[in-house]
Amino acid sequence: MKLHPSNRFPNPAAAARRHRGFTLIELLLVLVILGILAAIVVPKFSGRTEQARETAARSQLATFGTALDAYEVDIGRYPQGKNGLQSLVEQPRENNNWRGPYLKGVVPNDPWGNPYIYECPGRHNQSSYDVMSMGPDGREGGDDDITNWADPNQRSR
């Protein structure tokens, strides 16, 4: 049986099935599958962002430590007073032995946009200094603070 080119499908119902799109149920099923995949993948990546910020804060604390130690070698003491970390980029008036800047540019904020807290002499490091980031919550205290006196593998308490 030879079919005319305009009548390839002997059954009109079969022809209609070939030209129809996806059903609503098929589309909803695909959306549900994509939603499940997103629910599995997105939390894994969002946790990595916070972990990267914490690592960046710890790295910046180490950079401050190197700069503060170089300052201490040149001046004979760590920066004190309200200028604190700013003394690493701008020469204090009373220090003629300053050989800085010890940091390039400006004193950065922590990865959450808050200034680092510097205290000398420190409450925790009484013979030197304390430097800390208030962490994601932006408040001092709590278990999310990142400090130079706590174990780097743990958050401070």
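This briefing covers the sheet, the nonpolar core, the aromatic pairs and a few selected residues.

The model is predicted: local features need pLDDT of at least 70, side-chain atom pairs count only at pLDDT 80 or more, and totals for chains, interfaces and linings use all residues. Residues are numbered from 1 along each chain as its sequence is written, and side-chain values use heavy atoms, with hydrogens and water left out. The structure has an open sheet of three strands, a largest nonpolar core of 22 residues and five aromatic pairs.

**Sheet**

- The strand order is E1-E2-E3, and the pairing is antiparallel. Helices (H or I, at least four residues) and strands (E, at least two) are DSSP runs, numbered from the N terminus. Two strands pair if DSSP finds at least two bridges between them.
- E1 and E3 (146-147) are the edge strands, each with a single partner strand, so one side of each has no neighbour in the sheet.
- E1 and E2 (residues 130-133) run antiparallel and are joined by three bridges. Ile117 stands opposite Met132 in E2. Tyr118 has Val131 in E2 as its bridge partner.
- Two bridges pair E2 with E3, again in the antiparallel sense. Ser133 has Ile146 in E3 as its bridge partner.
- Side chains of E2 point two ways: Asp130 and Met132 one way, Val131 and Ser133 the other. All four are buried. Buried means under 20% relative accessible area, exposed over 50%, and partly exposed in between (1.4 Å probe, protein chains only).
- Pro121 sits in the loop between E1 and E2. The peptide bond from Cys120 to Pro121 is cis, with omega near -5°.

**Nonpolar core**

- The largest core has 22 residues. A nonpolar core is a set of buried Ala, Val, Leu, Ile, Met, Phe, Trp, Tyr and Cys residues joined through side-chain atoms within 4.5 Å.
- H2 gives the most to this core, with seven residues.
- Phe64, Leu68, Leu85, Leu88, Tyr118 and Val131 have the most contacts inside the core.
- Beyond its neighbours within four places in sequence, Tyr118 contacts Leu68, Tyr78, Pro79, Gly84, Leu85, Tyr129, Asp130 and Val131. Contact means heavy atoms within 4.5 Å.

**Aromatic pairs**

- There are five aromatic pairs in the structure. Rings of Phe, Tyr and Trp (its six-membered ring) pair if their centres lie within 6.5 Å; planes under 30 degrees apart count as stacked, over 60 as edge-to-face and the rest as tilted.
- The ring centres of Tyr71 and Tyr102 are 5.6 Å apart and the planes stand at 70°, so this pair is edge-to-face.
- Tyr71 belongs to helix H2 (residues 24-75) and Tyr102 to the loop between H2 and strand E1 (117-119), so the pair ties together parts 31 residues apart in sequence.
- Tyr71 and Tyr102 are both buried.
- Ring pairs also make a cluster of Tyr71, Trp98 and Tyr102.

**Tyr102**

- Tyr102 is buried, at 16% relative accessibility.
- Its side chain makes a polar contact with the side chain of Asp74 (2.6 Å). A polar contact is a pair of N or O atoms within 3.5 Å; within protein, one must be able to donate a hydrogen and the other to accept it, and residues adjacent in sequence count only if both atoms are side-chain atoms.
- Outside four places in sequence, Tyr102 contacts Ala67, Ala70, Tyr71, Asp74, Ser87, Leu88 and Asn97.

**Tyr78**

- Tyr78 is in the loop between H2 and E1. Its relative accessible area is 14%, and Tyr78 is buried.
- Not counting residues up to four places away, Tyr78 touches residues including Leu68, Asp69, Tyr118, Cys120 and Tyr129.
- The C-alpha atoms of Tyr78 and Leu68 are 6.5 Å apart, and these residues are ten apart along the chain.

**Ser133**

- Ser133 lies in strand E2. Ser133 is buried, with a relative accessible area of 0%.
- The side chains of Ser133 and Asp110 make a polar contact of 2.7 Å.
- Leaving out residues up to four places away in sequence, Ser133 touches Asp110, Trp112, Tyr116, Asp145 and Ile146.
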